[in-house]
Structure formats: structure tokens, C-alpha cells
Amino acid sequence: MRRVSMVGTPGSGKTTLGRALAERLGVPYLELDSVFHQAGWEPLPADELRARAAEVVAGDGWVVDGNYSAVRELVWARADTVVWFDRPKWQVVWRVVLRSLRRTATREVLWNGNREPLRGLLPVDREHSVIAWAWVKHAEYRERYRAAAANSDNQNLHFVRIASDADARALLDSCGPERQPR
């Protein structure tokens, strides 16, 4: 495992495990949200997102975190492993609610100067609420990655399903001890 795509619903743990996994493997980590969401929450055009992702996935090892269809084919063509987060819906929504409350209350800077908007706490605002996004997209993501894992076109990829914290710990443990800072 040297080239890893992390996918799944918001709040499932992709970023936390992705960073830790990249550290263990001693490879670069790319959170696609940090590239896509430009200042003022402006989206990066798809061709530019692909170009930035292509720079990273050209390397011998990396962890790429995100579900962007604009880069999936590019990332999966070079990946050896897809880590698919398939946690229960109640759990990911609860985690997103807690994370959003913390980010909003502390005015945490996310990517490119952006902060999670207060309106993001309103689950009925599907355009701006990561809470609503996690709720609405959960079943779609579950089916998408279940089908991808079963698809013979993806036989070059090893799919690792993460359904619990124990699964996440087991994956990290399988990568050996944490690397020492240089």
C-alpha cells in the first residue's frame, strides 16, 4: 500500500485517518477539499483540480482524500488501494454536527481562508450545509463504493472498508510503526 485513495461520506474519518496513514507510509497527503475550495468558497475549475491532483498522483506514494468525480478516474488509475469509509449514517451525521459546531464556534480557518458558515448549521440548507450533505449523500456514497469494490474494472485496486474505529486502527497498525519526524 503506497498509493491510497480515501473516499466516503463527510464526517466518516477520511481526513483524520488519511493524515495518519500518510505519516505512517512517509508519503504526501492531499485533501482535495483544500484545493477545490478557493478563497470565498469559490470552486476551482475541474481542469485545474485535475492538474493539481495529477501532480501528486504522479509520485511513487501518496494519500488522496476526497470524492471528487472530476479526479476519481485519474486517482484510481494510479492507486493501489481505495480506503472506503462506510460508517453508519447516524454516526457520520453526529460527527459532522459536532465538527460543524466546533468549527463555527471557534471560527476555525479551513482552506484558503474559508470558515464554516453559520448557515451551515441549518440542516435544511442543502446548498451550504455539510450536515445536510452528509445526510442526503450517505446512501449514494455507500452504494457507489460498494459497487466499485465489486466491479471487475477495478480489479487492480485493493478495497479496504472502514466501518468502525477498530477498522481504522487495524489499517494503521498494518502499516507498521509511526515514522519518526526528520
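Alanine 150 is an exposed residue, with a relative accessible area of 68%. It belongs to helix H6, which covers residues 130-150. Please keep in mind that this is a predicted model.

**Alanine 150 and its helix**

- Alanine 150 and threonine 106 are 44 residues apart along the chain, and their C-alpha atoms are separated by 42 Å.
- Helix H6 (residues 130-150), where alanine 150 is placed, packs with H5 at an angle of about 170 degrees, the two axes being 9 Å apart.
- An angle over 145 degrees counts as roughly antiparallel, and H5 and H6 are therefore roughly antiparallel to each other.
- On the H5 side, the residues that meet H6 are Lys89, Val92, Val93, Val96, Val97, Arg99 and Ser100.
- Their partners in H6 are Val130, Ile131, Ala134, Trp135 and His138.
- Two residues of this contact, Lys89 and Trp135, also come together in another way: the charged end of lysine 89 sits over the ring of tryptophan 135, at 3.8 Å from its centre.

**Helices H3 and H4**

- Helix H3 (residues 46-57) packs with H4 at an angle of about 15 degrees, and their axes are 9 Å apart.
- That angle makes H3 roughly parallel to H4, since the cut-off for this label is under 35 degrees.
- The crossing in which H3 passes H4 is right-handed.
- H3 brings Ala46, Leu49, Arg50, Ala53, Ala54 and Val57 to the contact, where they meet Ala70, Val71, Leu74, Val75 and Arg78 of H4.

**Helices H1 and H7**

- H1 and helix H7 (residues 165-174) pack at an angle of about 15 degrees, with 10 Å between their axes.
- These two helices, H1 and H7, are therefore roughly parallel to each other.
- H1 passes H7 in a right-handed crossing.
- The contact is made by Leu17, Ala20, Leu21 and Arg24 from H1, together with Ala168, Leu171, Leu172 and Asp173 from H7.
- Arginine 24 is found in helix H1 (residues 14-25) and counts as buried, at 16% relative accessibility.
- Arginine 24 and aspartate 173 are 149 residues apart in sequence, yet their C-alpha atoms are 9.3 Å apart in space.

**Aromatic rings**

- The structure holds five aromatic pairs.
- In one of these pairs, phenylalanine 36 and tyrosine 68 are tilted, with 4.9 Å from centre to centre and 45 degrees between the planes.
- Phenylalanine 36 lies in helix H2 (residues 32-36), while tyrosine 68 lies in the loop between strand S3 (62-65) and helix H4 (69-78), so this pair ties together parts that are 32 residues apart in sequence.
- Tyrosine 68 counts as buried, at 17% relative accessibility, because the limit for that label is under 20%.
- Elsewhere, one aromatic cluster is formed by Trp76, Tyr141, Tyr145 and Phe159.
- Tryptophan 84 has a charged neighbour, with arginine 161 lying over the face of the ring at 5.8 Å from the ring centre.

- Tryptophan 41 is not a glycine, although it has a positive phi of about 65 degrees.
- Tryptophan 41 is found in the loop between H2 and H3, and at 32% relative accessibility it counts as partly exposed.
- Asparagine 112 also has a positive phi in a residue other than glycine, near 55 degrees.
- Asparagine 112 is found in the loop between helix H5 (89-106) and H6, and it is partly exposed, with a relative accessible area of 38%.

**Serine 12**

- Serine 12 is found in the loop between strand S1 (3-8) and H1.
- Serine 12 is buried, with a relative accessible area of 1%.
- Not counting residues up to four places away in sequence, serine 12 touches Phe85, Arg87, Val92 and Arg95.
- One of these, Val92, is also among the H5 residues that meet H6.

Conventions: Residues numbered from 1 in each chain as written. Predicted model: local features only at pLDDT ≥ 70, side-chain atom pairs only at ≥ 80, totals over all residues. Heavy atoms only, no water. Helix = DSSP H or I, 4+ residues; strand = E, 2+ residues; numbered from the N terminus. Buried < 20%, exposed > 50% of the residue type's maximum accessible area, 1.4 Å probe, protein only. Phe/Tyr/Trp six-rings, centres within 6.5 Å; stacked < 30°, edge-to-face > 60°. Lys NZ or Arg CZ within 6 Å of the ring centre and 35° of its normal. Axes fitted to C-alpha atoms, helices over the stretch in contact; angles between N-to-C directions. Parallel < 35°, antiparallel > 145°, perpendicular 65-115°, else oblique. Left-handed = near helix turned anticlockwise from the far one by under 90°. Contact = heavy atoms within 4.5 Å.
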